[in-house]
Amino acid sequence: MRTPLLVRLGRSFDARSWQLLGLFAAFALIAVPIMHLLLPPEHPLHLSTWFITLIGKILCYAIVAVAMDLIWGYGGILSLGHGLFFALGGYAFGMYLMRQIGRDGSYQSDLPDFMVFLDWQELPWFWVGSDSFVWAALLVLVVPALIAFVFGYFAFRSRIKGVYFSIITQALTYAAMLLFFRNETGFGGNNGFTDFKRILGYSITAPETRVVLFALSALALIGTLLLARTLVISKYGRILTAIRDAESRVMFIGYHPLWYKLFVWTLSAMLCALAGALYVPQVGIINPSEMSVANSIEIAIWVAVGGRGTLIGPVIGAFIVNLAKSWFTVSFPEYWLFFLGTLFIVATLYLPQGVVGLWFSLRARLRRGGDKGAPATRGVGA
Amino acid sequence: MNAVAVQSPPLPAEDNPDWDSGTAELGHVLKPGELDLSHKVILYLEDITVSFDGFRALNKLSLTIDAGELRCIIGPNGAGKTTMMDVITGKTRPDEGTVFFGQTIDLTRLSEPEIAHIGVGRKFQKPTIFENHTVFENLELAMKTDKRVWRSLWAQLDAAAGDRIAETLQLIRLAAHADRLAGLLSHGQKQWLEIGMLLMQEPKLLLLDEPVAGMTDEETERTGELFLSLAGKHSLVVVEHDMAFVKQLGGKVTVLHEGSVLAEGSLAEVQADARVIEVYLGR
């Protein structure tokens with residue numbers, strides 16, 4: 001008898017993980033709005049705009065980290081160009097936000113400011129329809145998915161693996177960055193998109209809008225975790241980790257690794273794009289530097305620090321690294337990159353399973369003589 | 001988005017020269033991708049040549065394996081045994097020559113997963129199993145089923161599949177280890193697990209590269225018994241260095257040397273062959 005999908009979804013986490021997810025949802029959807037909107041600013045429990053924006057941003061990063069964990073931790077495919085898909089999602093939604101400015105820009109024109117500045121008389125063809133929210137939402141998912149699919153198809157078909165694949169993804173995002181830096185490309189050159197005013201007609205800086213965007217980011221993260229967890233415990237997930245560990249064996253028992261890799265690769269790109277689309281209205285800017293190679297490497301560091309192949313680890317890693325970043329870049333800006341590099345080396349050398357692996361081994365040691373094959377070593381923790 | 005796992009055979013039934021020659025079974029119509037054993041031969045290798053940077057790993061190798069046969073291949077290191085398996089399973093494309101599975105399926109045109117799907121199973125020299133999966137999961141993944149992405153996303157084990165896995169676990173004597181990680185098994189157990197995975201694929205032809213390497217004498221003997229019980233229902237090609245094991249299997253023996261067949265016959269016959277003795281330096 002087949003188990004219905006909802007039941008399978010319910011079983012994909014244990015009771016404690018569901019409790020934690022519920023707690024997190026209650027915090028993001030109920031506590032945060034109350035603490036930000038209803039409590040007066042001088043109240044000790046009041047959450048500032050700064051806090052909401054920072055955490056909202058990190059929630060988006062956490063989605064990217066989970067997407068990265070799917071391909072790297074479970075599929076063994078290390079992408080050092082995932083910032084590209086994040087930025088493309090951001091740009092696709094940014095086009096809509098630029099059109100929402102309407103005539104409130106510096107030049108009071110129907111066209112976005114940068115086009116007036118370039119002396120363009122009408123919208124380029126790829127901007128057609130960008131005033132529609134639905135169209136923009138569609139572009140957010142479809143464009144990165146198409147690029148990921150085509151790129152992945154040729155890379156995986158040619159059996160490009162390991163460090164070679166990583167280097168090609170780096171080149172891809174770097175090339176895209178150079179392309180987006182050009183004014184003629186039609187995406188605002190090196191300034192990118194900014195000065196957004198509205199989203200669906202609501203003021204983008206209004207506290208209520210911020211709270212909604214924050215809640216949507218939290219929901220998207222929960223959805224991403226559910227989807228990823230259901231995927232990795234399915235038969236598909238077992239095949240994916242099998243490809244990671246012994247690809248030739250998988251091939252000789254009759255699976256096509258190409259399609260298995262391509263599926264998770266494209267899905268991962270779409271999740272990144274969704275995160276990018278949620279990120280841009282919260283931080284209020286998107287420019288080509290989001291496609292820089294360093295940004296993409298940072299994504300890999302979040303995952304390595306949190307714990308590859310654990311799903312929750314990358315979320316924790318994204319929070320640790322980005323909270324540290326926001327503190328460092330204010331207090332000792334010149335040391336941030338040294339700290340980041342050290343963190344990566346330490347995580348690689350001493351924490352092969354990241355902080356989640358550390359937690360599992362500590363707990364196993366506390367229980368003394370616990371099962372040696374703890375979930376952390378299997379790479380499929382909750 | 002999924003590739004169709006089985007391509008049509010290169011020759012439609014009407015274009016097959018043997019189709020109405022009188023030698024083929026009368027009234028036998030093939031479905032695309034179906035294995036035609038009407039000549040009682042499951043595998044034809046004809047004039048296979050494979051060169052790597054000028055080195056001829058296989059040199060006009062010709063070999064036929066009968067349906068249900070248990071064939072042993074021996075030969076010194078570098079004789080081309082593993083390359084031959086690579087050619088049959090689609091890992092290496094021959095520079096020249098043809099490989100036919102049954103009468104109609106040209107293996108040189110199919111990819112590795114396609115060849116696996118039509119019924120060729122392969123055991124590697126070094127046991128290759130999924131070390132981070134349990135023994136049970138290893139068998140589950142190998143099981144013959146629709147192996148396309150979309151199916152795998154929704155796949156659930158049914159009772160029949162569970163029974164088949166349990167049966168195989170008994171056969172390879174790993175029932176007590178079903179929930180252990182495969183990486184924790186002993187070397188001999190890993191070899192058995194890989195053989196079990198092969199059986200879950202329900203292949204028609206099994207290629208076994210040094211299946212008893214690293215096994216104890218007792219394990220080796222049990223492996224021999226298992227292979228003998230499989231012959232007839234399946235065709236087996238065993239590459240082996242262990243002469244006692246080859247003797248136990250007792251079938252026809254082919255000696256490879258420098259990429260082609262040096263001698264063929266029973267073990268006693270090839271061991272008496274002067275050229276074979278010379279190649280093996282009196283072994």
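Analyst: Two strands count as paired if DSSP finds at least two bridges between them. Strands themselves are DSSP runs of E with at least two residues, helices are runs of H or I with at least four residues, and both are numbered from the N terminus. Please keep in mind that this is a predicted model, in which local features need pLDDT of at least 70 and side-chain atom pairs count only at pLDDT 80 or more, while totals for chains, interfaces and linings use all residues. Residues are numbered from 1 along each chain as its sequence is written, and chains are lettered from A and ligands numbered from 1 in the order in which they are written.

Let's settle on strand β3 of chain B, residues 70–74. On one side, β3(B) pairs with strand β8 (residues 235–239) of chain B in the parallel sense, over 4 bridges. In that pair, R71(B) stands opposite V237(B) of β8(B). β3(B) also pairs with β9(B), again in the parallel sense, and there 3 bridges join the two. Here C72(B) is the residue that stands opposite V253(B) in β9(B).

How well covered is β3(B)? Of its 5 residues, 5 are buried, and the strand is mostly covered. A residue is called buried if 20 or more other C-beta atoms lie within 10 Å of its own, exposed if 12 or fewer do, and partly exposed in between, with C-beta atoms placed from the backbone. In a regular strand the side chains alternate between the two faces of the sheet. In β3(B), L70(B), C72(B) and I74(B) point one way, R71(B) and I73(B) point the other way, and all are buried.

Now step back to the sheet around this strand. It is an open sheet of 6 strands in chain B, with the order β6-β7-β8-β3-β9-β10 and mixed pairing. The edges are taken by β6 (120–123) and β10 (260–265) of chain B; each has a single partner strand, so one side of each is left without a neighbour in the sheet. Ignoring direction, neighbouring strands of this sheet are turned by 20 degrees against each other on average. Strand β9 (residues 253–257) of chain B also pairs with β10(B), in the antiparallel sense and over 5 bridges. T254(B) has E264(B) in β10(B) as its bridge partner.

Chain B holds another open sheet, with 4 strands in the order β2-β1-β4-β5 and antiparallel pairing. At its edges stand β2 (55–66) and β5 (105–106) of chain B, each with a single partner strand, so each has one side without a neighbour in the sheet. Helix α1 (residues 81–88) of chain B packs on this sheet and touches β1 (41–52), β2 and β4 of chain B, and its direction makes about 65 degrees with that of β2(B). Angles like this run from 0 to 180 degrees between N-to-C directions, and the axes are lines fitted to C-alpha atoms, for helices over the stretch in contact. Contact means that the C-beta atoms of two residues, placed from the backbone, lie within 7 Å. Strand β4 (residues 96–101) of chain B pairs with β5(B) in the antiparallel sense over 2 bridges, and F101(B) stands opposite I105(B) in β5(B).

For the chain as a whole, chain B has 10 helices and 10 strands. Of its 283 residues, 44% are buried. Among its contacts between residues at least 6 apart in sequence, 67% join residues at least 24 apart.

Lastly, a word on the partner chain. In the contact between the chains, 25 residues of chain A meet 27 residues of chain B. On the chain A side, α9 (235–245), α10 (247–252) and α11 (257–283) each supply at least two residues, and α9(A) gives the most, with 7 residues. By class, that side of chain A has 11 nonpolar, 8 polar and 6 charged residues. In this scheme Ala, Val, Leu, Ile, Met, Phe, Trp, Tyr, Cys and Pro count as nonpolar, Asp, Glu, Lys and Arg as charged, and the others, Gly among them, as polar.
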